[in-house]
Amino acid sequence: MTITMTPPRTTSGSDFAILSRRITGAGLMQRRPAYYVARLSVVSLMFLGGWTAFFLIGSSWWQLVTAVYLAVTFTQVALVAHDLAHRQVFRTKRPSGIAGRIAGNLGVGMSYGWWMDKHTRHHNNPNHDDLDPDVAPEVLIWATESAFGRRGLKGFITRHQAALFFPLLTLLAIDLKVSSIKALRNGVVKRRGLETTLLVLHAVGYLTALLIVLSPIQAIAFLLVHQALFGVYLGMTFAPNHKGMPHPTGDEDYLRKQVLTSRNVRGGWLTDAALGGLNYQIEHHLFPGMPAPNLRKAQPIVQAHCAEIGIAYEQTSLVTSYRQALQYLHEVGAPARAEHASRRRV
């Protein structure tokens with residue numbers, strides 16, 4: 001499966017059709033093979049270099065530095081898998097799927113097929129309370145009505161979810177693995193046998209490397225630091241994009257549904273590299289097949305078009321985007337705090 005979600009057919013005079021013609025006329029949907037050759041080469045060298053350093057350093061507490069480095073590298077591999085899934089790298093399905101499974105399953109230990117299914121549903125209905133799996137009420141909640149009736153550990157987390165957001169990201173990498181296993185077990189993923197084999201190879205190779213090179217205590221420390229920071233960094237690349245933005249009713253047209261639910265993050269080349277181009281979330285959601293380096297060029301065209309037709313275009317700094325997301329989490333948890341306080345007064 002590949003994320004091939006495309007905009008709906010539009011009339012020649014519709015708002016999105018006009019924007020699409022401007023983007024296409026600027027050549028921004030064209031492939032960027034040289035960019036992706038360079039990016040995939042750099043990320044591959046980072047990955048191989050990190051594990052080479054791991055084996056050369058040997059049994060040492062300095063390996064915790066390697067764990068930090070590999071957490072950054074794993075996130076960059078995951079961001080490459082994201083672009084592969086959207087066919088930004090290769091034009092056809094087969095090479096995208098092969099490279100995606102190597103990066104996702106074998107590289108970072110996450111089911112590529114499961115993630116694509118989830119991410120496709122997100123792209124089709126961003127921030128929709130019933131249709132977007134990224135805002136489904138699980139550990140964290142994103143809709144006020146989901147806050148009622150939560151007790152025990154879930155209730156505690158809901159009441160304090162803004163403060164717990166970043167600490168909970170330390171568990172994200174583990175959650176991705178657990179969700180991948182569940183999806184494979186339930187038959188949700190195509191090429192189930194291949195994906196399972198690649199995930200097993202990743203797990204066996206990863207754990208064997210830790211146990212052969214490190215002492216048991218060092219291995220545990222490495223695993224905890226590496227997986228925790230991988231989860232935090234990966235979560236921080238996605239958190240600014242939609243969290244705290246409006247939740248649509250489903251009646252909006254394609255252009256408004258994608259723009260009003262998304263938030264861009266200002267920044268230079270370092271922000272682009274750190275977030276893998278996802279800081280141009282509005283442009284990415286409007287044109288998911290657009291190569292990442294073209295998103296920066298598309299941004300002023302999309303922003304001007306939105307201003308022209310009176311659609312709000314949200315763009316903030318990275319710090320402000322996190323503050324808005326945390327403030328929203330705190331507000332959504334208010335009913336749970338009020339409900340808990342009323343129970344204590346009884």
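Reply: Let us begin with a definition: two residues are in contact when they have heavy atoms within 4.5 Å. The model here is a predicted one, in which local features need pLDDT of at least 70 and side-chain atom pairs count only at pLDDT 80 or more, while totals for chains, interfaces and linings use all residues. Residues are numbered from 1 along each chain as its sequence is written, and side-chain values use heavy atoms, with hydrogens and water left out.

Me: Which residues does Lys-297 contact, leaving aside its neighbours within four places in sequence?

Reply: Lys-297 is in contact with Leu-28 and Arg-32, once the neighbours within four places in sequence are set aside. Lys-297 belongs to helix α14, residues 292-309. Helices (H or I, at least four residues) are DSSP runs, numbered from the N terminus. Between the C-alpha atoms of Lys-297 and Gly-268 there are 13 Å, and the two residues are 29 apart along the chain.

Me: Is Lys-297 buried, partly exposed or exposed?

Reply: A residue is buried under 20% relative accessible area, exposed over 50%, and partly exposed in between, using a 1.4 Å probe and protein chains only. Lys-297 counts as partly exposed because its relative accessibility is 48%. Lys-93, in helix α4, has 45% and is therefore partly exposed too. In sequence Lys-93 and Ser-14 are 79 residues apart, and in space 30 Å, C-alpha to C-alpha.

Me: What surroundings does His-202 have?

Reply: His-202 is in helix α9, and with a relative accessible area of 10% it is buried. Beyond neighbours within four places in sequence, His-202 has contacts that include Phe-74, Asn-105, Val-108 and Lys-177. Helix α6, residues 152-159, also has buried residues: Gly-155, Ile-157, Thr-158 and Arg-159. Among the elements that cover them are α7 and α16.

Me: How should I read a nonpolar core?

Reply: In soluble globular proteins, nonpolar side chains tend to be buried together. A nonpolar core is a set of buried Ala, Val, Leu, Ile, Met, Phe, Trp, Tyr and Cys residues joined through side-chain atoms within 4.5 Å. The largest one here has 39 residues, and those touching the most other members are Trp-51, Phe-54, Trp-114, Leu-210, Leu-214, Phe-222 and Phe-230. Two or more residues each come from α2, α3, α4, α5, α8, α9 and α10. Helix α3 gives the largest share, 10 residues. Not counting residues up to four places away in sequence, Leu-210 touches Trp-51, Phe-54, Ala-219, Phe-222 and Leu-223. Apart from this core lies another, of 18 residues, including Leu-19 and Tyr-254.

Me: How is a pair of aromatic rings described?

Reply: One gives the distance of the centres and the angle of the planes. Rings of Phe, Tyr and Trp (its six-membered ring) pair if their centres lie within 6.5 Å; planes under 30 degrees apart count as stacked, over 60 as edge-to-face and the rest as tilted. For Trp-51 and Tyr-206 the centres are 5.9 Å apart and the planes stand at 85 degrees, so the pair is edge-to-face. This pair links distant parts of the chain, with Trp-51 in helix α2 and Tyr-206 in helix α9, 155 residues apart. Trp-51 is buried at a relative accessible area of 14%, and Tyr-206 is buried at 8%.

Me: What lines the largest pocket?

Reply: On a 1 Å grid over the protein atoms alone, a pocket is an open set of points where a 1.4 Å probe fits, with protein on both sides within 12 Å along at least five of seven lines; lining residues have an atom within 4 Å of a point. Grid points are joined across faces, edges and corners, and a volume is the space filled by probe spheres set on the points. The largest pocket holds about 1300 Å³ of space. It is lined by 43 residues, and the closest to its centre are Lys-118, Glu-138, Leu-172, Asp-175 and Leu-176. Helix α8 gives the most to the lining, with 7 residues.
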